[in-house]
Amino acid sequence: MSIIWLIIMLLSIAALLLCDPAAVLEAMITGANGAVSLALTLVALYGIWLGLFEVLESTGIADRLARLLRPLVRRLMPGESRETEKYVSMNISANLLGLGNAATPMAINAVRTMKRDSSRTSVATTNMIMLTVISATSLQIFPSTVVSLRAAHGSADPAGFLPACIAATVTSTVIGILAVKLLAKLFAAVSARRAAKRAA
C-alpha cells in the first residue's frame, strides 16, 4: 500500500512540475501544514475518547456496557467468551460515536480472544467475519470525528448531515449482517454436501 501512495505522490509532483514548477514547493508546504493541523485535531479528539474508554474499563462500566449489549452480541456472535463480548461491546460503542480508529484496538482484542476452528486455524471464523463487517459498516448515531472536523474547518452546521449519516450506516450495517448470516449458512450447506460425498 505504501508503494501505491509513493507512486501517486511522485506522479503528482511530476505533473505539477510540468504544469507549474513554481507552485511545487508552495503546494508541498501547504499540504504539510494541513496534514499537521489535521493530525493535531484528531490527536486531541482521540486522546479524549481513548482516555474515556480506559476510564470505562478501569471503573467496570465497560463490563456493565457489555452486559447491556450481551443479548445483541450473543445473537450476532454466538459461543464467545465474556471477555470477547466486552471487547465487541466497546467496539460497537466506539463506532456508535463515530470513533473508527478508537474502535480498532477493541476489535483487535476481540479477535485475539475469539474461539478458533481447530481444523482450520488460519481461516477466519464466521464471528470474526461478522465483527469485521460490523466494524467496517460502522453504525453511527453521532459521528464525532466528522462533526469535529467540520466544526474545525468553519462549517455553519457541523452536524447537519446526521440524518443522512444515520440512515446510511444503519442500512449498510443491516445489509452486512444479513449477508454474513446468509453466506455462512450457504457455506455450511456446501461444506456438509462435500463431507457427505466424501463419506459416500
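Guide: A pocket, on a 1 Å grid over the protein atoms alone, is an open set of points where a 1.4 Å probe fits, with protein on both sides within 12 Å along at least five of seven lines; lining residues have an atom within 4 Å of a point. This is a predicted model, in which local features need pLDDT of at least 70, side-chain atom pairs count only at pLDDT 80 or more, and totals for chains, interfaces and linings use all residues. Residues are numbered from 1 along each chain as its sequence is written, and side-chain values use heavy atoms, with hydrogens and water left out.

Visitor: Which residues line the second largest pocket?

Guide: Rolling a probe the size of a water molecule over the atoms shows where empty space is left. Here the lining consists of Leu72, Leu76, Ile92, Asn95, Leu96, Ile134, Leu139, Thr173, Val174, Ile177 and Leu178.

Visitor: Which helix supplies the largest share of that lining?

Guide: Helices are DSSP runs (H or I, at least four residues), numbered from the N terminus. The largest share, four residues, comes from α8; α3 (61-76), α4 (82-96) and α8 (162-199) each supply at least two.

Visitor: What does isoleucine 134 touch, leaving aside its neighbours within four places in sequence?

Guide: Contact means heavy atoms within 4.5 Å. Isoleucine 134 is in contact with Leu76, Met77, Ile92, Asn95, Leu139 and Ile177, once those neighbours are set aside.

Visitor: How many residues are in the largest nonpolar core?

Guide: In soluble globular proteins, nonpolar side chains tend to be buried together. A nonpolar core is a set of buried (under 20% relative accessible area, 1.4 Å probe, protein chains only) Ala, Val, Leu, Ile, Met, Phe, Trp, Tyr and Cys residues joined through side-chain atoms within 4.5 Å. The largest has 16 residues, and Leu76, Met77 and Ile134 are among those with the most contacts inside it. α6 gives the most to this core, with four residues.

Conventions: Buried means under 20% relative accessible area, exposed over 50%, partly exposed in between (1.4 Å probe, protein chains only).
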